[in-house]
Amino acid sequence: MTATALGRDFRLLWAAAVSSRFGDALRTPALALLAATVTRDPRIIAAVTVAGQLPPLLFGLLGGVYADRWDRRRTMAVVDGVRAGVVAALALVVALDRVSVPVLLVAAFLLAALGTLFDSASFALLPAVVPPDALPRANGRLQAGSAVAGGFLGAPAAGVLFAVAPALPFALDAVTFAVAAVLVLALAPAPRTRERRRRGSVWSEIVEGLRWLRAHRTLWRLTLLTAASNLAISGIMAVLVLYALDVLRVPPAGYGLFAAAAIFGGLAGALGAGWLAARLGTVPALRVVLAGQTMALTGFALARHPVPGEIALAVFAAGTVVWNSLWASYGQRQVPGELLGRVGAAQRMVGLLTAPLGAALAGLAAAAYGTVPVAGAAAGTFALVTLTAWRTLRSAAPGVLSRGGVA
């Protein structure tokens with residue numbers, strides 16, 4: 001799965017990503033369990049979740065600026081080192097039984113805020129590690145490793161470790177961050193490039209990244225299509241458990257196995273993303289993926305039995321991972337190296353803006369009309385997105401700027 005053909009630096013980067021993802025999968029459910037031991041107020045528990053969701057929207061573009069200003073390898077290592085310290089401090093507080101709601105809110109917010117800078121630097125660093133033609137395969141392997149580390153290893157272990165000792169998942173998470181920092185530092189330093197001209201302000205650099213994204217016709221359309229897709233994905237995920245239990249008649253004891261279909265599907269999609277891009281080309285593959293997801297989601301909305309519903313969910317999840325891998329790869333190949341952090345951050349922020357809206361609308365609709373119309377609306381949204389993609393995307397993208405060197 002590490003793909004030796006992609007080279008030593010990719011193996012190091014892959015190992016760092018998998019280590020961090022394993023730690024994230026331990027920490028995230030453990031943080032929810034910890035919040036439930038502090039309070040049973042659902043508003044406060046939800047606030048801890050929101051505290052971890054806000055930073056990408058608040059600071060994502062700022063993280064992109066500094067990912068372009070600073071050395072990306074060192075930035076990732078320093079961020080992981082700081083995150084290791086934050087989680088280690090949280091583990092100590094838990095071990096001393098000094099946990100409070102403010103501590104949980106600050107920890108969740110701070111870790112997510114640091115993650116915005118790490119994600120921007122990581123996105124921008126990958127093109128310096130693997131050749132352009134290998135980017136779809138590299139992104140797929142990163143997602144595959146993350147799926148195994150998170151879905152198959154970390155998430156199931158989190159509850160067990162928390163039951164043994166509440167501080168244990170956080171202590172292990174701190175270790176994974178420290179290991180990831182060391183692995184990233186072992187990467188070969190990027191070649192020196194010409195000194196970038198000084199810009200007037202952080203805001204001007206943010207605007208430059210947004211303008212570049214908006215001016216590149218195909219990349220901008222892909223970003224808008226991602227945002228429209230996330231509206232439907234967030235909506236269906238918000239009511240998935242209710243749909244599975246009430247409509248598909250999944251036994252409560254079997255829901256974990258049902259949900260695991262998405263993990264298996266995502267793993268298959270991650271491993272197949274590079275192959276699909278090599279056979280069809282990146283943009284044509286993206287159009288095919290949307291068509292496949294529309295059929296899968298339509299099948300899911302029509303299913304009334306756990307088995308066809310599970311199969312449809314797995315196919316849909318595979319398409320989602322392929323889309324994310326190829327969308328990222330396309331941007332990494334098109335964007336000049338000195339802009340990769342900012343443009344990548346703008347892509348992610350615009351793509352994620354619709355997710356909270358989708359979840360909120362799904363919750364309101366399900367409360368009023370049930371979950372079946374929500375699934376139908378999600379399938380309809382994907383059908384419109386697919387029609388739009390086939391009408392507007394072309395097999396070759398017009399490069400607004402020539403690709404520059406990677407800083």
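This is a predicted model: local features need pLDDT of at least 70, side-chain atom pairs count only at pLDDT 80 or more; totals for chains, interfaces and linings use all residues.

Modeller: Residues are numbered from 1 along each chain as its sequence is written, and side-chain values use heavy atoms, with hydrogens and water left out.

Colleague: Fine. How many salt bridges does the structure hold?

Modeller: Ten. A salt bridge here is a side-chain nitrogen of Lys or Arg within 4 Å of a carboxyl oxygen of Asp or Glu.

Colleague: Why would such side chains pair?

Modeller: Side chains of opposite charge can pair when their charged atoms come close.

Colleague: Start with R27 then. Which side chain does R27 meet at 2.7 Å?

Modeller: That of D173, in a salt bridge, N to O. R27 lies in helix 1 and D173 in helix 6, so the pair ties together parts that are 146 residues apart in sequence. Helices (H or I, at least four residues) and strands (E, at least two) are DSSP runs, numbered from the N terminus.

Colleague: Are R27 and D173 buried or exposed?

Modeller: R27 is buried at 12% relative accessible area, and D173 is buried at 0%. Buried means under 20%, exposed over 50%, and partly exposed in between (1.4 Å probe, protein chains only).

Colleague: What about D24 and R27?

Modeller: Their side chains also meet in a salt bridge, at 3.0 Å, N to O. D24 and R27 are three residues apart in helix 1 (residues 8–38), so about one helical turn separates them.

Colleague: And R342, which side chain does it meet?

Modeller: The side chain of E208, in a salt bridge of 2.9 Å, N to O. This pair links distant parts of the chain, with R342 in helix 13 (residues 340–352) and E208 in helix 7 (residues 202–215), 134 residues apart. R342 counts as buried at 2% relative accessibility, while E208 is partly exposed at 24%. Both belong to a network of salt bridges that links D68, R69, R72, E205, E208 and R342.

Colleague: Change of topic. How many cavities of 30 Å³ or more are there?

Modeller: The count comes to three. A cavity is a set of points, on a 1 Å grid over the protein atoms alone, where a 1.4 Å probe fits but cannot get out, and lining residues have an atom within 4 Å of a point. Grid points are joined across faces, edges and corners, and a volume is the space filled by probe spheres set on the points.

Colleague: What is the volume of the largest cavity, and what lines it?

Modeller: The volume is about 60 Å³. The lining is T226, S229, N230, I233, L290, Q293, T320, W323, N324 and F382. Helix 8 (217–238), helix 11 (282–302) and helix 12 (306–334) are the elements that give two or more residues to that lining. Helix 8 gives the most, with four.

Colleague: How do the residues of that lining divide?

Modeller: Into four nonpolar, six polar and no charged. Ala, Val, Leu, Ile, Met, Phe, Trp, Tyr, Cys and Pro count as nonpolar, Asp, Glu, Lys and Arg as charged, and the others, Gly among them, as polar.

Colleague: And the second largest cavity, what lines that?

Modeller: I236, M237, L240, L297, F300, L313 and F316 line it. The residues of that lining divide into seven nonpolar, no polar and no charged. The space in the second largest cavity is about 50 Å³.

Colleague: Now the outside. Which residues form the nonpolar patch on the surface?

Modeller: V160, V164, L168 and L172, with about 330 Å² of accessible area together. Patches are made of residues with over 30% relative accessible area and no salt bridge, with like charges joined within 9 Å and nonpolar side chains (Val, Leu, Ile, Met, Phe, Trp, Tyr) within 5 Å. Accessible areas come from the Shrake-Rupley method with a 1.4 Å probe, and for residues only the protein chains shown count as cover. Helix 5 (135–164) and helix 6 (168–185) each supply at least two residues of the patch. V160 lies in helix 5 and counts as exposed at 54% relative accessibility.

Colleague: Last one. Where is S325?

Modeller: In helix 12, where S325 counts as buried at 0% relative accessibility. S325 and Q143 are 182 residues apart in sequence and 7.6 Å apart in space, C-alpha to C-alpha.

Technical notes
On a 1 Å grid over the protein atoms alone, a cavity is a set of points where a 1.4 Å probe fits but cannot get out, and a pocket is an open set with protein on both sides within 12 Å along at least five of seven lines; lining residues have an atom within 4 Å of a point.
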